Amino acid sequence: MAFSSFSTRRGGGWAHSLLPSSSTPAKTKLTRKPRRRLLLRDFIFANFFTIGLSISLFFFLVVVIRYGVPHPISSSFKSKAIRFSKARKPVTRKPSLADSGNDAVAGATVDITTKELYDKIEFSDVDGGPWKQGWRVNYKGHEWDSEKLKVFVVPHSHNDPGWKLTVDEYYERQSRHILDTIVDTLSKDTRRKFIWEEMSYLERWWRDSSELKRQSFINLVKNGQLEIVGGGWVMNDEANSHYYAIIEQITEGNMWLNETVGVVPKNSWAIDPFGYSPTMAYLLRRMGFENMLIQRTHYELKKELALHKNLEYIWRQSWDADETTDIFVHMMPFYSYDIPHTCGPEPAICCQFDFARMRGFMYELCPWGEHPVETNHENVQERALLLLDQYRKKSTLYRTNTLLIPLGDDFRYISIDEAEAQFRNYQMLFDHINSNPNLNAEAQFGTLEDYFRTLREEAERINHSLPGEIGSGQIGGFPSLSGDFFTYADRQQDYWSGYYVSRPFFKAVDRVLEHTLRATDMMMAFLLGHCRRAQCEKLPMGFSYKLAAARRNLALFQHHDGVTGTAKDHVVLDYGTRMHTSLQDLQIFMSKAIEVLLGIRHEKNDINPSQFEPEQVRSKYDVQPVHRAIMAREGTRQTVVLFNSLEQTREEVVMVIVNRPDVTVLDLNWTCVPSQISPEVQHDKSKIFTGRHRVYWKASVPALGLQTYYITNGFVGCEKAKPAKLRFFSKSSSFSCPTPYPCSKIEADVAEIQNRHQTLTFDVNHGLLQKISYKNGSQIVVGEEIAMYSSWGSGAYLFKPDGDAQPIIEAGGQMVISEGPLVQEVFSYPSTQWEKSPISHSTRVYNGENTVQEFLIEKEYHVELLNEQFNDRELIVRYKTDIDNKRIFFSDLNGFQMSRRETYDKIPLQGNYYPMPALAFMQGSKGQRFSVHSRQSLGVACLKNGWLEIMLDRRLVRDDGRGLGQGVMDNRAMNVIFHILVESNISSASNPVSNPFPLSSSLLSHCVGADLNYPLHAFISKKPEDLSVQPPPRSFSPLAAPLPCDLHIVSLKVPQPLKFSQLPLEGSRFVLTLQRRNWDSSYCRKGRSDCTRFADETVNLLNMFRELTVSNAKVTSLNLLHEDTDMLGYIEQFGDVAQEGQVLISPMEIQSYKLELQSHQ
């Protein structure tokens, strides 16, 4: 199968954030500590020219008196000190990210923001000639007289771990041969170089390779010929991936690489993700990376940056006033990462230098008609000058005379002949260029490290800063930038916003695997922390291989054709099966682990099956989980164990399914717990009730702990679960009321459900939420609408709607309202033009003191776009509120930070869609805020004032011309859950219109998002037990006290479970990663919960656990491979404080600590 660059691969190359690998033994240049902008400096800048002129005149007179008239000073004499005293803008602070309060985070001061770029660019798509999306590039010829052009040609091969073939198919057919080729061809000539990115393929090749071949590989890395860039398990997507999974996948690859090859990457290479997130830049910086390369950004944005030589910049986080997050970025300037679009601005010429397209090779010929020919002594001068002309033109788009030329494409260098054709021809061209000094150029093969090192050396010698430029203290001569690069467009009005939603079923599975893996890691850490002898290690150590496999299966799916939903059907099946297998493995382990942690299982080995099973079960990789039903026979009890993976005690209304309604709930002390019973409903017009029942009760589960409850039948002295009252609306007369619930018919046109905080009003005929009213008399119009786009040009990547979305809900349908003391619910099976509706939905409000739930509205949409009736349709839900937000809203990036979004009339509808991995909110001019939390990645837009729309699913017949070769027709039935939160500010809130910075969530909103994304894990006993025997109270509460309310445990784990028993006891075999959330203090400070502690006080790691001693705590990078806090950019006290166990984390920061856990016993 030919994988030619131009016609086959998504129209070319894409960009993404990268992961780096150091191939040279040269010592890394430590980055400077950030400069503090102090009053003295502000004074100096304000009077810069007066002071500068005086000092210059003084020194000039001294020099003249002492030495006579000075000679000219060469440019190479510019020192670091001179670079730092470059003229700068007076530091006028932009508005801060948060309002006043201890939790306020200042905003970054930068030269460029992506918002300002969008405001400025006209998006007119002017034809630029040979460089279609740019202009006719020219140069005068003297640009390289004082500093010659230094060209680094970087051979590479982009290996997707799954796309049109599965990862295994690609490995067998292509990737293994490519790696063999690299080792063989580089070993022949030390001038040859290469870079490699994906560890998923390298690890497999390593297992299959001989010791001799492995040693050759290591030698090539150590002598600088071969560099591992990025070094993640995959090159991850940046729109849909959650930051937890990004950290996991990079760490998985980087740690394997360090253990096996002995190198740690420091340069990131992301040529193919479809848009870029600043979250990636932050994580890479905190992993010790120094440089990034990206490619797939909007073509108009590339042009604007190129016009001002700003394609290389310092990426700074929007909240970072101290420049601690700065990382250097190289953005590729042209359409693709293939060879026609990387040597210079004219692809017709560059294609002639892709020597794998010569006749006789498997790749297509150049589509422009001029094909590559073998270089020889007769044509080398003409060919070299033609190529050098492209190099020179490309270099004019950048500030320095150090030039990067990638040389590769998808799955290239598959054979020795192909590799030799590239290396042989290019070396002859290089030799000619280098042997002619009058050309003022030097060309060679290089790695990313060669390029970035040379560029930084040039930046040390020559000041490329523009007058008044803010830049960065880390490297001089380049602008600073903040913002993200969504939504990507590669040509015309082809915006890549479709992949935010493609294959939403598997986007949801991805997040389930994430929170299940995180919970399993915690249990594994507790088991091994409490364990002091070989006997009790049997269970966790026996599971280590499956835990390692689960991490790698999650990592694999973060690939930019995995979680994006942009692979062939059989590849999606492969990803889905891997995740499903791992989910089952993790749940089996958790079922056994809870027995050990509760003191039930004393043998602590892996042989006996557990007496528990997960409350939810998936029968197949592509079906929704179903709730197991508790039998609840007379005179029996069944145990329910709940695990809370969050860092605060959790008060929550929980639910399990029972087969019969006459049950009672008891807690671990055999005390009655008030409960409610409601009928279970389903997406079936002819049979809305399943015959099973939902039992609700309010549970309290300790932080990181386990709590036990019992579902009993026949327990004397307790009130049975209270049946909900049902009200129904149905045009048909066939509605039958289930036992034992009282039923009545809805006669009015509107219906309400409520709790003690809010009343929800519904349009009965359509089953849709109309408005929310509050006890203080205020209300908000919600105007829920379910609609569909007709899309004739959309595909897996692109969203190309044909006009606006049209509502699909008609009058009629069925509605069931269930009202009880704990939960009130409206279930709607709407009437549509189709016999079987593609959607049904539930709306719930909860009653529960001290629960986060009582402030939110739960929306659950059941979606089935399962047959040809829905071909080329894209389903959305839209909330048409009365909030005056001026079409400005905020959506999250990777579940880590918020980004300000503004709807522009100058770009099409599809370009105003943005990724929504977890949250979107609108804020009105009076501070009223409407937030929608999700637990899976989707796409979001605000197309009219006060409207927020979210795409739920899409079914598309056609390929969209980006290489996949198919549409998206493998839809699955699925449930999408949102938690909606409406808040009013309690102090003056920032105005989103005038404030260009992203706003932060409130503390309550953070709590809502955490509860949704890290749900309680429920396990039920497999067999009922006799009610006459009261078991001992069983719970597990490992924390000495809950953590501060704004401190989140990203992970607590054993990073190397397979090697745990071999590591020294005095080592640091566990890792704790913490994140401090930034929150908007203009909304209720305590989040209306029991928050009493905040992370502006120190947290003592050594006293964190109740029965575990923490020792050997030390700071580490997020990929666990660096302990030098300077190179990670953290503020000074981070490393020192942690040594004494006291941790103080700045808002927005994520920090990791290696530590040892040992039982007190």
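Predicted model: local features only at pLDDT ≥ 70, side-chain atom pairs only at ≥ 80, totals over all residues.
Residues are numbered from 1 along each chain as its sequence is written, and side-chain values use heavy atoms, with hydrogens and water left out.

I looked up the bond next. Cys343 and Cys350 form a disulfide with sulfur atoms 2.0 Å apart (a disulfide is a pair of cysteine sulfur atoms within 2.5 Å). Its S-S torsion is about -85°, so this disulfide is left-handed. I searched the whole structure and found five disulfides.

I then checked Cys672 and Cys718, whose sulfur atoms are 1.6 Å apart in a disulfide. The pair links distant parts of the chain, 46 residues apart, with Cys672 in strand S21 (residues 672-673) (strands are DSSP runs of E, at least two residues, numbered from the N terminus). Cys672 is partly exposed at 35% relative accessibility, whereas Cys718 is buried at 12%.

I turned to Cys737 and Cys743, a disulfide with sulfur atoms 1.7 Å apart. The torsion about its S-S bond is about 75°, so it is right-handed.

Last, I traced an open sheet of six strands in the order S33-S32-S38-S45-S44-S41, with antiparallel pairing (two strands pair if DSSP finds at least two bridges between them). The edge strands, S33 and S41, each pair on one side only. S38 and S45 pair over eight bridges.

Key:
Helix = DSSP H or I, 4+ residues; strand = E, 2+ residues; numbered from the N terminus. Buried < 20%, exposed > 50% of the residue type's maximum accessible area, 1.4 Å probe, protein only.
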